[in-house]
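Today I opened a new model and went through its strands and how they pair. Here are my notes, in the order I looked things up.

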Amino acid sequence: MTTDLFARNVLLVDHRTRPAAPAWRVEDADAAGRAAHHRLRHEAFVADQGLFPGTDRDAADDDPRTRQLVARDAGGEVLGGVRLGPSDPGGPDVGWWTGSRLVSARGAPPGVGPALVRAACATAEAAGALRFDATVQDRYERLFRRLGWRRTGAASVGGRPHATMTWPVGRLAALAGATKGPLGGLLAGMHLGGAGFVGDDGAPVPGTDVVAACDAILPSMVERDPEWAGWCGALVNVNDLSAMGAAPLGLLDAVAGRDASFTARVLAGLRAASAAWGVPVLGGHTQLGVPAALSVTALGRTRRPVPAGGGRPGQHVWLTADLGGGWRRGHTGRQWDSTSVRTTAELQEIGSAVARTAPAAAKDVSMAGLVGTLGMLAEASGCGAVLDVAAVPRPDGATVGDWFTCFPGSAFLTADDPGRAVAPAGPATTARCGELVPGSGVRLRWPDGSTTPALPGPVTGLGPATGGTP
C-alpha cells in the first residue's frame, strides 16, 4: 500500500535519460526562412487555392517593421510560417497589428499552425500592440477560437468566406486590476478627503487651503535603484499636488535601509529632486538596520482644488505629457524619465499647467498607466471614457503598449467642456485625445473609427466622487 501511494504522488525523473528534442521550434525568420515562407505562401494561396491572382505579396511585405516567424524541424527545414506587423503598412504604428499568411507545409505536424499563432500573439504583445487582428478562412475559425481568439465579423477574400477575428490583449486591464482593483474593498469606511474628492491622489485638509498627498515607493525599487527611488519619492508627490492645482510647499520623508551608506543614496536622490523642483524637505524619519523602504508626504496650497471626479459626459479629455528624456536605465518599458533633464523653471511650468487651466477634472498619470488613470478619472466622475489611440502624444522611443502602461514621468489628464483650452506647459506636449461618455470603463478608438474595450468597468470600486464614501 505504501509503494502504491508513493507511485501515485511522487514525480519520478530518470536523470540518466536525455529529454526528447522538440519536434520543431518557432523563431524569427532569417533570409532563407523568409524565402521559404514566401514559397509556401505562393503554393498555398496562389497556386492551390487561387485566393490571389499571380502573387500574394502586398505592402506589408515591404514594411521593415513586418515580422515573419517560421517553424523549423530539428534539421532546419521550414514547416510553416506567419506574418505580422502594423495594420497600416508604411503608416504610423498606433499599436494596432494584424497577423496574416499563416501557412503550413504539406505533411507538417498538426501542431505547427497553432504554435505559430501563439508565437505571433506573444510577438505582437511584446512589440507593444494593444490590438491584434486577423482575417482567417471560415474553416479555421474553430482553431482560432480554441486558441482564445474572438470573431468580430465576416469578410470575403478571393471569393471565399473568411472570419475577421481579434486576439484579446489584456495588458491594460491586468495592470489596472493589479494596481488599483483592491482599493474599493481596502478603503471602505474611510473619508478619503470628503465627498467630491473620492479617488483623488491628494486630499484637501478640512478648514484650510492645504492639500496633502502621500506616496510610498516599491521596496524592490528602493533596493535596486536607491537614488532614483529618492527622486521619484518627490516626483510622484509633486505630481499629485499639481494634478489638483496645488502649489507644493514642502516634503516629509520616512526612509529605511540596511545601513547608513545605503540610506544616504536614497536621501541623495530625494535631495536632488527637492532642489530641482524648489520644494524643501521639511523633516521626516530615518531608520537603519531594516529592509529598504521610502514614503514621502507632500503639502501644497490652493484655494480651488481640482478634483478627479469633476468630469461629465460630453467633455473633452486632454493629455499633457513631457516627451523629453528616455527610459530610466534598468526600467525600460516601465518608467520614463523626462524630469531629470529639466530645469527648475521647466518643471514648475509643467507642474502649474493644471492650476493655470482650472479644468473640471484632472489626474496625473501614475502606476496604473495612461488608460488606468483615465479609467479612474472617469469612475470618479461617474461615467466612462473613450481614448483616441492615434491622438495620444507619445515619444519616439516608446511603443504604444509601453507608453500606455508605463509611469511616464510628468503627464496629466484633464477633462473640460469643448472649446476650453489647456494652458501652455513649457516643454510638455498637449493634445486632445478623447472624451468622457455615459457608462463606465474605457474604450480605445482606432483610426478607422472602430472601438475596442480596454477596461470593462470601474477601476477601483471607490465609486463616483460625489457619491460619498464607500
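I began with strand E10 (residues 247–257) and E12, which run antiparallel and are joined by nine bridges. Strands here are DSSP runs (E, at least two residues), numbered from the N terminus, and two of them pair if DSSP finds at least two bridges between them. For Asp-253 I found Val-296 as the bridge partner in E12.

A note on provenance: this is a predicted model, where local features need pLDDT of at least 70, side-chain atom pairs count only at pLDDT 80 or more, and totals for chains, interfaces and linings use all residues. Residues are numbered from 1 along each chain as its sequence is written, and side-chain values use heavy atoms, with hydrogens and water left out.

Next I checked E12 from its other partner, strand E9 (residues 210–217), and counted eight bridges in the antiparallel sense. Ile-217 has Leu-294 as its bridge partner in E12.

Which side chains of E12 (residues 293–301) are buried? I found Leu-294, Val-296, Ala-298 and Gly-300 on one face, buried (under 20% relative accessible area, 1.4 Å probe, protein chains only).

Then I turned to an open sheet of seven strands, with mixed pairing and the order E1-E2-E3-E4-E5-E7-E6. Strand E1 (24–28) and strand E6 (150–157) are the edges; each has a single partner strand, so one side of each lacks a neighbour in the sheet.

Last, I looked at E2 (residues 67–73) and E3 (residues 78–86), an antiparallel pair with six bridges. Val-70 has Gly-81 as its bridge partner in E3.

How values were computed: Helix = DSSP H or I, 4+ residues; strand = E, 2+ residues; numbered from the N terminus. Buried < 20%, exposed > 50% of the residue type's maximum accessible area, 1.4 Å probe, protein only.
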